[in-house]
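Here are a few exercises to work through with the model open on your screen. Try each task before you read its solution.

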Amino acid sequence: MTVIQRGALIALAALALGACSARIVPPGAPAPTDPIAAPQFTTPLPAIPVAAPVTTALNARAAGAIAGTPIAALPIAQAQAERALKAFQTSCPALIKRNDSSGLTRGADWAAACAAAPDWNASDAPGFFRRYFETVQIGTGAAHATGYFEPEIAGSRTRGAGYDVPVYRKPGDLVDVDLGLFSEDLKGKKVRGRVEKGALVPYYQRSEIVDGALADKGLELAWAADPVEFFFLQIQGSGRLKLPDGSVMRIGYDNQNGRGYTGIGKLLLDRGLVPKGQASMQGIMSWLRANPEQGRAVMDENKSFVFFRELTGAGPLGAMGLPVAGGASVATDPDFTPLGAPVFLSLDRAEAAGIWVAQDVGGAIKGANRFDTFWGAGARARAIAGGMSGRGTAFLLLPIGTVARLNAESGHAGPSARR
């Protein structure tokens, strides 16, 4: 759902982090203030503000997992831990059944924590994580965190005056192909497209869809009022349509056209169209509205297009098919963070520092230690998510014994887990 992005600095970052080991959070550091109740910490958590490394490794195990900071040294706040415990409880039924593409865990690894979670007293939520988990760093651990939220925009179930931006459901001719079925060398790789004259071709890109490639095919789920607002709702991956009668229609991600995501904020910065201090979501939206023709062309450079379905139950739903929660859920790359696993972020952005649970994915959220923090709905969530870009270090919280097992399987002793 969301979503919402590098060269010489990476080598320097790796050297710096290697020299500092994993002890970014010093033992005895005070627990941070609840980031939802108060978005500023009295004393920010220490972090290393460097660019997150780009890895060519296929998953976390290939990138290298090492024991991290002792979990007892992590300043886990009470309110944060309560939200994370609730999110972890929600994830457990799926977590113990999932095939973990990161290569770090197996379903059985989570059994003890998941058995204890439902009855754990929320007043000792930090104790739950200290009892059942150890910390692991992937690669250097250098992390980048952005933010997403559930937007609410004007929309209608039917086309009418002021509502002429189509919100499309997933097309029937959109085909997903698992290339691993055809070659072992392509295992884990997928493509998405459509069949034309007996051949698989790329699916329509954004500009083609906006120009009407899917029009009049019965795919219109609803109609939005503002193309800029809808563009950003697509980036978020889910949202609410405020209907003319005051009611709300909730929509969620159903699929995507298979085209690569391009962050237009970077395009605008690189071209000098917006100054660095105005490259937040709010600043970009203002520029797009002030330059409608040029703005349409810039939006079309992001060839990705998201399709939606109506949500009628709890939500919004994350990639696990479960509801995500503001201040608790984070989107990540499942090849580097097991979906359902807790993660502790030590960042230079106090609002996003602390414990989260990986429950979602995003088209732009790729690689090791890349996260997109979810903030819920409303004006405050929009303001925080729209300007979020935090740098620091990520510690995965994996079941106790994970590091020892991975070391044993790789045939070397390696560093022991620190708790």
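A residue counts as buried when its relative accessible area is under 20%, and as exposed when that area is over 50%. Keep in mind that this is a predicted model.

**Exercise 1. The disulfide**

Find the disulfide, say which parts of the chain it links, and decide whether Cys92 and Cys114 are buried or exposed.

Step 1: Look for the sulfur pair. There is one disulfide in the structure, and it ties Cys92 to Cys114 with an S to S distance of 2.1 Å.

Step 2: Cys92 sits in helix H3 (residues 78-95) and Cys114 in helix H4 (residues 111-116), so to speak two distant parts of the chain, 22 residues apart.

Step 3: Check the handedness. The angle about the S-S bond is -85°, and the link of Cys92 and Cys114 is left-handed.

Step 4: Apply the burial cut-off. Cys92 is buried because its relative accessibility is 7%. Cys114 comes out at 11%, so Cys114 is buried too.

**Exercise 2. H9 against H10**

Classify the crossing of H9 and H10, then describe the contact.

Step 1: Get the geometry. The axes of H9 (281-290) and helix H10 (residues 292-300) come within 5 Å and cross at roughly 125°.

Step 2: Classify it. With that angle, H9 is oblique to H10.

Step 3: List the residues. H9 brings Trp287, Leu288, Arg289 and Ala290, while H10 brings Pro292, Gln294, Gly295, Val298 and Met299.

Step 4: Sort them. The contact of H9 with H10 has six nonpolar residues, two polar and one charged.

**Exercise 3. The buried residues of H11**

Which residues of H11 are buried, and what do they pack against?

Step 1: In helix H11 (residues 379-386), the buried residues are Ala381, Ile384, Ala385 and Gly386.

Step 2: These pack against strand E3 (142-150), helix H9 and strand E16 (370-377).

Conventions
Residues are numbered from 1 along each chain as its sequence is written. This is a predicted model: local features need pLDDT of at least 70, side-chain atom pairs count only at pLDDT 80 or more; totals for chains, interfaces and linings use all residues. Side-chain values use heavy atoms; hydrogens and water are left out. A disulfide is a pair of cysteine sulfur atoms within 2.5 Å. Helices (H or I, at least four residues) and strands (E, at least two) are DSSP runs, numbered from the N terminus. Buried means under 20% relative accessible area, exposed over 50%, partly exposed in between (1.4 Å probe, protein chains only). Contact means heavy atoms within 4.5 Å. Axes are lines fitted to C-alpha atoms, for helices over the stretch in contact, and angles run from 0 to 180 degrees between N-to-C directions. Angles under 35 degrees count as roughly parallel, over 145 as roughly antiparallel, 65 to 115 as roughly perpendicular and the rest as oblique. Ala, Val, Leu, Ile, Met, Phe, Trp, Tyr, Cys and Pro count as nonpolar, Asp, Glu, Lys and Arg as charged, and the others, Gly among them, as polar.
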